[in-house]
Amino acid sequence: MFRHLVVVSILACAAPAFAQTELAGSWAPRNHEDGLERGGGPYAVDYTGLPINDEARAKGLSYSADQLSMIEHQCGQWPPFYLVEGPFGMKIWNEIDPVTGNTIAIKIGAWEDKALQTIWMDGRPHPSKNAPHERGGFTTGEWQGTTLVTYTTHVKAGSLRRNGVPNSDQTTIEAHFVRHGDLLTVLEIIDDPVYLTEPELLSKGFQADPNPMSPVGPPCVAGYEGVPDGKVPHYLPGTNPSIDELTTIYGIPREATLGGAETMYPEYRKKIKDKFVRPEKCTQNCAAPAAPAPPTRPASR
Amino acid sequence: MKAFAVAISALLLGQPPAQTPKASAPIDLTGYWVSIVSEDWRYRMVTPTKGDFQGVPVTQDAVKVANEWNPDADTAAGNQCRSYGAPAIMRVPGRLHITWDDEQTLKLEADAGTQTRVFNFEKRKAASGPPSRSWQGDSAAEWDMQGGGRGAGANAPRRGSLKVTTTNLKSGYLRKNGIPYSEDAKLTEYFDLVRTRAGDTLLMVTSIVEDPKYLRQPFIVSTQFRKQPDAKGWEPTPCSATW
């Protein structure tokens, strides 16, 4: 019996102290939803499914992509939710207390214009509301079972979508990292008291990648790109030339392209059903795979 | 002695006696849920244009099929539910109603297209003869339990996910514009509950569609729903091939 007890005890001790999971490693992106937004970028006036208020809409319509050439914006446009919204994968690693072995922080690597994100796991509080805001924000995390749940504050103002729909520096991000085998789904719940009327949900799938990713991207070095000091490229109200782009290409009514919380819910389909005109064929950004090259003629002997 | 060892094992490992899937459910998925369409909007809220494959890792064979998409012909042939099959239905905007049919069976009804999915926890022997295919296929369910672990205690919250594997599908469309999946497609789904800081309960369904004929790699999307206190907005509607 003693032998049984020893075996059982060893088995019991082999179980993790808490129900966690290992997230460290390289994760390849699976940009199968919002493929265009997470690839080349969205259309200039595509606010569909965004729970934005009138102020956000007005600011979005005044936005010119030339603002990205301003020194101030070249390296600082993207808050931490760009992890899900952007095209890239992620490298995750743990920072361990060398004495206790406890995880002090989980880090998500930078990637070009996305900053390094540190998820503090040691129970420290968020800083004062007057503390500086950083590109990576300030993030704390806890395990809920095998799900890592994080909360981010102190972000910088930037873009909620990569077409100038704004987020304020009051934005908070609640993220759930849910792992199933080699699949990791990240759900982000983005709230912004300045520009959103209810939270925005973004999710993305990643798959474990045996090929190691770099934890850093190429550094962003701001430089003169032709926008003179003091000039802010923009459109005055009523002059955004792209406002009917989605209507022209996809037949989507203008009111839907301008977003708002109601566009997120099934009932909205009734509202636009009679206004929607489906074009006969996709004309751009269709993403059909390239046809295989024709067989080459054998080289003459 | 054996009984003693088992009892000790159960105590140490925290394993309760065998229960039915309903009784052992680590999460409660029952109730009404509403789609939140904040992603893939123009592929879900309106009918996408013919030949728009954005985001879907299709094969050349799939392109050929999708370029022949004819919703009027589908309707005439009684195939207007092709875009409401299991690999697509969770992406169709609408409401879900999830209930236990019995101790072994979870039922998911979707008002969009008036579809019903049956998640069976009972392991069944494979039927002989050709499979009976349907839009919703055959779904085998299991709880993907997250162990409480040493020190978790008997009162530790139970956590886990629902894993559903679906096969025996009739060929259908991943999106309403005719992007196909074949009858050899296999759908794996994980149903996870998320409780937000604001107090909402969200359902996140991660779907993986594998199809050797029409997909170059697994098609992976995650779809969110918010729990409703009641049936408000529940409105069963028939399938439509055009809207």
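Start by selecting strand β10 of chain B, residues 201-210: eight of its ten residues are buried, where buried means that 20 or more other C-beta atoms, placed from the backbone, lie within 10 Å of a residue's own, exposed means 12 or fewer, and partly exposed is in between. Strands here are DSSP runs of E with at least two residues, helices are runs of H or I with at least four, and both are numbered from the N terminus.

Before you go on, note that this is a predicted model, in which local features need pLDDT of at least 70, side-chain atom pairs count only at pLDDT 80 or more, and totals for chains, interfaces and linings use all residues. Residues are numbered from 1 along each chain as its sequence is written, while chains are lettered from A and ligands numbered from 1 in the order in which they are written.

Strands of a sheet pair through backbone hydrogen bonds, either parallel or antiparallel. Two strands count as paired if DSSP finds at least two bridges between them. Select β9(B), residues 186-195: ten bridges join this strand to β10(B), and the two run antiparallel. Click on L187(B) and you will find its bridge partner, V209(B), in β10(B).

Next, select β11(B), residues 219-228, which pairs with β10(B) in the antiparallel sense over eight bridges. Here T206(B) has S222(B) as its bridge partner.

Zoom out to see chain B as a whole. How many helices and strands does chain B have? There are five helices and eleven strands. Of its 243 residues, 45% count as buried.

Move to chain A and colour its strands. A closed barrel of nine strands runs β1-β2-β3-β4-β5-β6-β9-β10-β11, with mixed pairing. From one strand to the next the twist averages 30 degrees, an angle between N-to-C directions of axes fitted to C-alpha atoms, on a scale from 0 to 180 degrees. Within chain A, pick β6 (residues 147-153) and β9 (residues 172-180), antiparallel strands joined by five bridges. L148(A) stands opposite F177(A) in β9(A).

Last stop: P127(A), in the loop between β4 (117-120) and β5 (138-144) of chain A. Is P127(A) buried or exposed? P127(A) is exposed, because 12 other C-beta atoms lie within 10 Å. To finish, draw a C-alpha to C-alpha distance from P127(A) to G230(A): they are 103 residues apart in sequence and 33 Å apart in space.
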